[in-house]
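Open the model in your viewer and keep the selection tool ready. The stops below go one by one.

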Amino acid sequence: MSITQTMINIPAEHEKRVFGEYDAYAKMIERAYHVTIISRNGEVKLIGEPGPVEKAKNVFEKLIALSANGGEITEQSVNYAISLNMDGKTDALLEIDKDLVCHTINGKPIKPKTLGQKAYVDQIRKKMIVFGIGPAGTGKTYLAMAMGITAFKNDEVSKIILTRPAIEAGEKLGFLPGDLQSKVDPYLRPLYDALYQIMGPESFLRNTEKGLIEVAPLAYMRGRTLDNAFIILDEAQNTTPAQMKMFLTRIGFGSKVIITGDMTQKDLPAGQQSGLDVAMKVLSGIEDIGFSYLTSQDVVRHPLVQKIVTAYDEYEKKQNRQKERQKLAVRGKKVKYTERN
């Protein structure tokens, strides 16, 4: 086993960002590649086996370049840089960071943070209807909202319509106090939160009063034709096939539609087929309809969320394998019984 070492110069203004608070990011790289990192006076020494040292150096260089471009460095971006480096795609980190969607009301840039998110944003730009399908925390709704607000500000559409089915996760609408609007508001709250963050509450309320921004339950879409609008259907896994067909046939000229959903978080009654599941099968071959499939690799919330999503994926796969084995065992017994008789 040969040990080598190499040096990297990190400009002082980028050192803290690249290393992270209490050197947290440097420790992540050390653990990932089993190398030793020593930092003195702006110079970083990497010690370890040749292959891992080269990979660690590559990650550091990309993080330095990301910092120099003004990009945000977080635990998620360091983890993702390490993941990309395993596949030899570290250069993609800088390409992703160049894709600015818009800024929040506080001036924070909104950008895709993974290859999956970049492909999703590109599909929204190119296609009339886009399905964004993936687990919680992959930015499906937030990025769609950012693209919608950008299109609205650029006068590409005349209004934004946000909708989701008012399906209860284990509780009933009737237990909530107030009128119908008060009852459905909790189901639309995630959409309001994203709008407030990107647009600001004052701008949102002003445009809502003018009828230029509409947040409503899916049931309110029946009988309408939605022209020249940016329309987002969130939580589409909770639609029925009839609701999904109703929604898709509302689309008018000049509109763009984004449909987001997580097939692992259905709140429909047992045995009820999801409209999103049916739409994925029925519409897959139609031109100008795009499908973006995000995975646990695209989760950009707290790193623990990514671990939770992965753990549930593995658990569900294990459960499905057990069910398949049980089915095969039952079939085998039936065949033996038939042969005996």
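Start with the aromatic rings: there are 6 aromatic pairs here, counting rings of Phe, Tyr and Trp (its six-membered ring) with centres within 6.5 Å. The model is predicted: local features need pLDDT of at least 70, side-chain atom pairs count only at pLDDT 80 or more, and totals for chains, interfaces and linings use all residues. Residues are numbered from 1 along each chain as its sequence is written, and side-chain values use heavy atoms, without hydrogens and water.

Select Y196 and F204. Their ring centres lie 5.3 Å apart with planes at 70°, so the pair is edge-to-face (planes over 60 degrees apart; under 30 is stacked, the rest tilted). F204 is buried at 3% relative accessibility, while Y196 is partly exposed at 29%. Buried means under 20% relative accessible area, exposed over 50%, partly exposed in between (1.4 Å probe, protein chains only).

Next, select F291 and Y293. Their centres are 6.3 Å apart and their planes at 10°, so this pair is stacked. F291 is buried at 14%; Y293 is partly exposed at 48%.

Move to A219. Look in the loop between β8 (213-217) and β9 (229-233); strands are DSSP runs of E, at least two residues, numbered from the N terminus. A219 is exposed, at 60% relative accessibility.

Finish at Y315. Find Y315 in helix α12 (residues 303-340); helices are DSSP runs of H or I, at least four residues. Y315 is partly exposed at 47% relative accessibility.
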